[in-house]
Amino acid sequence: MIIAIDGPSGAGKSTVAKAVAQKLGFNCLDTGAMYRSIAWYALENGVGLDDSAALGRIAREKQIAFGHVEGDPVPRRVFIDGVEVTDAIRTARIDRSVSVVSAHPEVRAALVDQQRRLGHAGDFVIEGRDIGTVVFPGAEVKVFLTASNEERARRRVLQNESRGIGSTDFDEVLADIVRRDELDSSRATAPLAAAPDAVGLDSTGRSIEAVIDDICARARAARVVRG
């Protein structure tokens, strides 16, 4: 079974996806970490973010891997080309770059192939921006998770503070969220959009636990129907 959770930056996709995976005993795939890893590798190696061909080669040739703790379906570490980038891909620099990198069709084609191979290997909760529309349009459960701009910025600031990574300036984070929404929604290839059959969940003013329980209930119902 595939549970696809799409939505804009800061909507809580990662937190919700990991918790749903743990509750259901599913694997979890953060596709955003894959795009962030490509952005990090490009910046570290002097590759221009407008160089589609070079970015596409990175996405095709550099292995992205996830590290797990035994018995935990949620990956805790991220590697590209053997280098751990778990913290490095969560900085403000990557926040500003990832939407540009992910807009290149060559990058998306390479990473979508990888995501499909991974997803077909078992039960997965997969979160991103085009999972229900492009990567797994046949997913049994599709959710489009949103929240107000201000709520998303507040959560991102708190997250950055707790991790000690990224900007903690509310206005800066809010402006970045609005900018990323525009870039992700207007790109020519696989823009951010809710699948026609996705369930829209607005988490503004709603507890994360309630959102998690809602998605788990939908997954259990879908499994019963599927038999």
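By class, 11 nonpolar, 13 polar and 21 charged residues line the largest pocket (Ala, Val, Leu, Ile, Met, Phe, Trp, Tyr, Cys and Pro count as nonpolar, Asp, Glu, Lys and Arg as charged, and the others, Gly among them, as polar). This is a predicted model, where local features need pLDDT of at least 70 and side-chain atom pairs pLDDT 80 or more, while totals for chains, interfaces and linings use all residues. Residues are numbered from 1 along each chain as its sequence is written, and side-chain values use heavy atoms, leaving out hydrogens and water.

Stay with the pocket, which holds about 940 Å³ of space. A pocket here is an open set of points on a 1 Å grid over the protein atoms alone, where a 1.4 Å probe fits, with protein on both sides within 12 Å along at least five of seven lines; lining residues have an atom within 4 Å of a point. Select Ser14, Arg90, Arg156, Gln159 and Arg163: of the 45 lining residues, these are the closest to the centre. Next, colour α7 (149–163), which gives the largest share of the lining, 9 residues. Helices are DSSP runs (H or I, at least four residues), numbered from the N terminus.

Now move to α2 (residues 31–44) and α5 (residues 105–119), whose axes, come within 11 Å and cross at roughly 140°. Axes are lines fitted to C-alpha atoms over the stretch in contact, with angles from 0 to 180 degrees between N-to-C directions. Finally, show Thr31, Met34, Tyr35 and Ile38 in α2, which meet α5 residues including Val107 and Leu111 (contact means heavy atoms within 4.5 Å).

Note on methods: Helices (H or I, at least four residues) and strands (E, at least two) are DSSP runs, numbered from the N terminus. Grid points are joined across faces, edges and corners, and a volume is the space filled by probe spheres set on the points.
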